[in-house]
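Thanks, everyone. Please have a look at the sequence and the structure before I start talking.

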Amino acid sequence: MHNSAIARRCGVRQDCRDKPPRGAPLNSSPALRPSFTSPLHTAVTPPRVEPPYVIFDRSQWAALRSPDDQVPSRASIEMLGGVNDPALQIEVEEIFLPLTRFINAHIRAAHELSRIVYSGGIDLGSPIAATPYVIGVAGSVAVGKSTFARLLRAVLSTAVPGRRVELVTTDGFLYPTRELQERALMGRKGFPDSYDLPAMLEFLSAVKSGKSGLKVPVYSHEAYDVVPDEFETVNRPDILIFEGLNVLQTKNIAAAVASDFFDFSIYLDAESTLIERWYIERFLKLQRTVFQRETSYFHHYKDLSESEATQVARGIWQQINLPNLLDNIEPTRGRARIVLRKGEKHQIEEISVRQT
Ligand SMILES: Nc1ncnc2c1ncn2[C@@H]1O[C@H](COP(=O)(O)OP(=O)(O)OP(=O)(O)O)[C@@H](O)[C@H]1O
Ligand SMILES: CC(C)(CO)[C@@H](O)C(=O)NCCC(=O)O
């Protein structure tokens with residue numbers, strides 16, 4: 001699907017350009033690391049081997065769209081993106097439409113393989129019906145996973161009439177606050193141990209077994225907790241987008257890992273200094289809105305000045321989310337089929353497609 005004359009072949013960490021490799025570890029110099037030490041952080045980091053990629057810049061990627069692609073309406077893009085920004089329309093046209101063509105090609109190939117293997121080409125028993133095509137979306141806290149996943153859902157559903165695309169975030173598989181407190185994990189929210197991984201794997205296995213009526217716990221960012229007795233139901237969609245910072249992790253508690261259940265995976269990448277800025281900006285916006293409600297876990301921050309709130313947000317980023325990014329999230333990037341690198345204004349600037 002790409003023109004190899006224009007796209008570069010390179011490891012994401014290989015220095016195949018004049019500028020530093022895009023995928024070099026984020027702020028991994030010890031001098032730049034916060035003093036916070038994670039019990040999960042190993043003293044000796046093994047050398048990282050990353051797979052080869054074909055790397056497209058934005059214009060090369062945008063050229064892959066077809067005039068026949070169905071574009072979701074501007075209103076639905078803004079509603080789903082949760083961001084009132086005309087740039088999103090351009091993002092959808094130049095990035096999401098080629099991405100959707102790419103994913104659709106993978107879906108067709110998966111269906112064809114399934115047809116050949118299970119429906120007569122090779123006789124492995126009775127034919128089986130296709131189960132949901134699962135797309136994992138990984139990346140740091142505040143890199144824009146949920147915004148991206150909502151837009152991807154809109155574009156994927158518009159592409160094929162009647163196609164059902166559902167979205168699940170791994171937030172619902174966090175342990176409830178009570179349990180995190182008992183395990184002294186409140187300062188480790190988002191770290192591998194803070195998730196009920198067996199429940200998450202069980203859910204993914206049930207999805208890929210073609211089961212319907214699957215219940216997923218609901219997480220409230222306002223309450224900063226899992227909502228008791230509230231569930232979303234997943235009913236055997238055509239496509240399931242499974243989004244969360246931990247989706248490509250391989251913590252070994254079972255024979256399987258989450259990505260065993262994925263048909264496709266995407267890692268959203270950006271400089272950690274940019275993500276920190278987006279985290280702080282989001283925190284400031286929430287402080288002016290959601291934190292003002294008594295029901296908000298962060299209600300005690302409601303009267304902070306902007307500079308005090310900035311300090312609090314930066315502290316949480318440095319103490320929790322940055323160590324988690326460096327230790328547990330960014331090392332999973334090489335498992336993704338596609339790495340999307342974002343620039344300052346959230347625009348996707350570089351697209352690395354894994355060759356293996
Ligand atoms: N394409 C975009 N254009 C403009 N702003 C964006 C875009 N994507 C994300 N943002 C903003 O960046 C911030 C982080 O985005 P989002 O909440 O989607 O991140 P996330 O990775 O899902 O975070 P978390 O892991 O905490 O749930 C939000 O304030 C969001 O509005
Ligand atoms: C719920 C997660 C882990 C991921 O969405 C994240 O938003 C979070 O709450 N992190 C913990 C530190 C913080 O409050 O930002």
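This is a predicted model: local features need pLDDT of at least 70, side-chain atom pairs count only at pLDDT 80 or more; totals for chains, interfaces and linings use all residues.

How many helices and strands does the secondary structure of the protein come to? The count is 8 helices and 10 strands.

Now some totals. The protein has 356 residues, and buried residues make up 36% of them. Take the contacts with a separation of 6 or more. Residues 24 or more positions apart account for 74% of those.

Next, the core. The largest nonpolar core has 73 residues. Which residues have the most contacts inside it? They are Ile135, Val137, Leu151 and Ile241. Helix H3, residues 87-118, gives this core its largest share, 8 residues. As a general point, nonpolar side chains in soluble globular proteins tend to be buried together.

I'll take H6 first, residues 197-208. The buried residues of H6 are Leu197, Met200, Phe203, Leu204 and Val207. Seen down the helix axis, these buried residues fall within an arc of 125 degrees, so they line one face of H6. What covers the buried residues of H6? The cover includes strands S3 (133-139), S5 (214-220), S6 (225-234) and S7 (239-243). After H6 comes Gly210, with a positive phi near 85 degrees.

H2 is next, residues 74-81. Its buried residues are Ile77, Leu80 and Gly81. They cover an arc of only 95 degrees around the axis, which puts them on the same side of H2. Just after H2 sits Gly82, and its phi is positive too, about 70 degrees.

Most residues other than glycine have a negative phi. Tyr224 has a positive one, near 60 degrees. Tyr224 is in the loop between S5 and S6. It has 14 other C-beta atoms within 10 Å, so it is partly exposed. Asp229 also has a positive phi, near 60 degrees. Asp229 lies in strand S6. Buried or exposed? Asp229 is exposed, because 7 other C-beta atoms lie within 10 Å.

Let's turn to the ligands. Ligand 1 has 17 residues around it. Which come nearest? Gly144, Lys145, Ser146, Thr147 and His346 do. By class, this shell has 7 nonpolar, 6 polar and 4 charged residues. H3, H4 (145-159) and H7 (272-288) each supply at least two residues of the shell. H4 gives the most, with 3 residues.

Ligand 2 has its own shell. Val141, Asp171, Lys189 and Gly190 are among its residues. Leu245, Ile316, Ile320 and Asn321 also surround ligand 2. The classes here are 4 nonpolar, 2 polar and 2 charged.

Pick out Asp171 from that shell. Where is Asp171 found? It is in the loop between strand S4 (165-169) and helix H5 (177-182). Asp171 is buried, because 20 other C-beta atoms lie within 10 Å; the cut-off for buried is 20 or more. Setting aside residues up to four places away in sequence, Asp171 touches Tyr219 and Gly244. Asp171 and Pro331 are 160 residues apart along the chain, and their C-alpha atoms are separated by 20 Å.

Last stop: Glu349, in strand S10, residues 348-354. Glu349 has 16 C-beta neighbours inside 10 Å, so it counts as partly exposed. What does Glu349 touch, not counting residues up to four places away in sequence? The contacts are Arg58, Arg341, Lys342 and Gly343. Glu349 and Trp317 are 32 residues apart in sequence, and 24 Å apart in space from C-alpha to C-alpha.

That's my tour. Thank you.

Key
Residues are numbered from 1 along each chain as its sequence is written. Chains are lettered from A and ligands numbered from 1 in the order in which they are written. Helices (H or I, at least four residues) and strands (E, at least two) are DSSP runs, numbered from the N terminus. The expected span of a helix is 1.5 Å times one less than its number of residues. A residue is buried if 20 or more other C-beta atoms lie within 10 Å of its own, exposed if 12 or fewer, and partly exposed in between; C-beta atoms are placed from the backbone. The arc is that of the directions from the helix axis to the C-beta atoms. Two residues are in contact if their C-beta atoms, placed from the backbone, lie within 7 Å. A residue is near a molecule or strand if its C-beta atom, placed from the backbone, lies within 6 Å of it. Ala, Val, Leu, Ile, Met, Phe, Trp, Tyr, Cys and Pro count as nonpolar, Asp, Glu, Lys and Arg as charged, and the others, Gly among them, as polar. A nonpolar core is a set of buried Ala, Val, Leu, Ile, Met, Phe, Trp, Tyr and Cys residues joined through C-beta atoms within 7 Å.
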